[in-house]
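Here is a short tour to read alongside the model on your screen.

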Amino acid sequence: MLRNLLALRQVTQRTISTTSRRHFENKVPEKQKLFQEDNGIPVHLKGGASDALLYRLTMALTLGGTVYAIYQLAMASFPKKQN
Amino acid sequence: MTHQTHAYHMVNPSPWPLTGAFSALLLTSGLVMWFHYNSFTILYIGLLTNMLTMYQWWRDIVREGTYQGHHTPIVQKGLRYGMILFIVSEIFFFAGFFWAFYHSSLVPTHDLGGCWPPTGITPLNPLEVPLLNTSVLLASGVSITWAHHSLMEGKRNSMNQALLITIILGVYFTALQTSEYLETSFSISDGIYGSTFFMATGFHGLHVIIGTSFLTVCLLRQFKFHFTSKHHFGFEAAAWYWHFVDVVWLFLYVSIYWWGS
């Protein structure tokens with residue numbers, strides 16, 4: 001069972017492109033090494049510094065936006081008196 | 001340094017379900033602010049956080065499957081069930097719009113003139129652009145099958161070409177349908193005909209755009225060597241979704257464009 005797992009982990013060979021114009025190199029083995037490093041970092045941050053930046057941006061916008069939405073809800077709940 | 005001794009996928013804790021849920025709140029309250037208070041801010045933030053969540057969530061799934069090897073056969077089986085169930089839910093979604101169409105068109109009311117199409121409505125000629133659209137989507141169904149077989153046979157160039165052709169056909173459909181929308185003599189507010197026509201074809205068009213985007217992501221992943229001849233579930237899921245979009249169009253064409261004209 002464990003042997004099957006290990007075999008699956010060493011994913012099948014990636015075919016090397018035989019085209020003369022190589023627009024993309026096969027970087028999958030490098031990525032596999034990076035993301036399988038035993039450093040305890042969760043997958044959403046494991047790619048590097050840009051992951052953390054994007055995460056912080058997303059969370060800031062989400063939380064900020066939510067606070068603003070609740071504020072607008074509060075404003076809308078108490079209509080201004082008209083003279 | 002404990003590692004699992006089973007073949008299932010225990011995911012890392014992730015912030016994306018939370019940001020996704022909040023983005024849904026922002027999208028809905030954003031719509032309210034737009035409809036009632038003429039303000040776009042919250043809606044824009046909602047759209048942005050929704051896009052960011054989708055990008056990062058699916059990026060992480062690619063990392064977990066392709067880079068970390070978590071998509072064992074049993075995990076893949078779960079993913080297959082998931083995609084199938086999602087598509088079934090979408091079938092039910094469209095069933096509602098078809099129900100509305102048939103309810104209105106089989107027994108047209110007195111105020112429509114007791115006929116379908118209703119009095120005053122000039123429907124589109126089904127043998128013109130709608131027929132072309134049908135052939136475009138059917139051809140895209142052929143090209144995506146060609147792409148799949150090429151992938152399974154390890155023919156990289158064929159796969160790239162066939163998938164690109166499929167995407168181009170999808171974009172072509174969207175362009176043709178957009179021009180048709182601008183050409184209609186009726187709008188969504190022209191009675192029940194307009195409502196049923198634009199709700200059904202409109203949501204279909206949105207699904208074509210979603211399907212085309214999914215296929216484009218697959219093309220980019222294919223360029224980056226993510227798929228192997230034996231393991232390419234992301235592509236299969238996109239292909240299933242694409243066939244579903246094609247079949248919905250066939251029902252739309254026969255029911256609304258052809259029978260309904």
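Chain B meets chain A through 46 of its own residues, which are in contact with 37 residues of chain A; contact means heavy atoms within 4.5 Å. This is a predicted model, in which local features need pLDDT of at least 70 and side-chain atom pairs count only at pLDDT 80 or more, while totals for chains, interfaces and linings use all residues. Residues are numbered from 1 along each chain as its sequence is written, chains are lettered from A and ligands numbered from 1 in the order in which they are written, and side-chain values use heavy atoms, with hydrogens and water left out.

The area buried between the two chains is about 3,600 Å², and carbon and sulfur atoms give 70% of that. Buried area here is the accessible area (1.4 Å probe) that two parts lose on being put together, summed over both. On the chain B side, Tyr67(B), Gln68(B) and Phe225(B) lose the most area to chain A, together 20% of what that side buries.

Two salt bridges are counted between chain B and chain A, a salt bridge being a side-chain nitrogen of Lys or Arg within 4 Å of a carboxyl oxygen of Asp or Glu. Arg63(B) forms a salt bridge with Asp51(A), with the closest N and O atoms 2.7 Å apart.

Now for chain B itself. It has seven helices and zero strands; both kinds of element are DSSP runs numbered from the N terminus, helices (H or I) of at least four residues and strands (E) of at least two. The C-alpha trace of chain B spans about 75 × 50 × 30 Å along its principal axes.

Two helix pairs are set out below. Axes are lines fitted to C-alpha atoms, for helices over the stretch in contact, and angles run from 0 to 180 degrees between N-to-C directions.

| Helix pair | Angle | Axis distance |
|---|---|---|
| H1(B) (residues 16-37) and H2(B) (residues 41-67) | roughly 155° | within 7 Å |
| H3(B) (residues 73-106) and H6(B) (residues 191-223) | about 160° | 8 Å |

That angle makes H3(B) roughly antiparallel to H6(B), a term for angles over 145 degrees. Among the residues that meet are Phe93(B) and Phe97(B) in H3(B), and Met199(B) and Phe203(B) in H6(B).

H1(B) and H2(B) are likewise roughly antiparallel to each other. Their contact includes Trp16(B) and Trp34(B) of H1(B), together with Trp57(B) and Asp60(B) of H2(B).

Terms used
Parallel < 35°, antiparallel > 145°, perpendicular 65-115°, else oblique.
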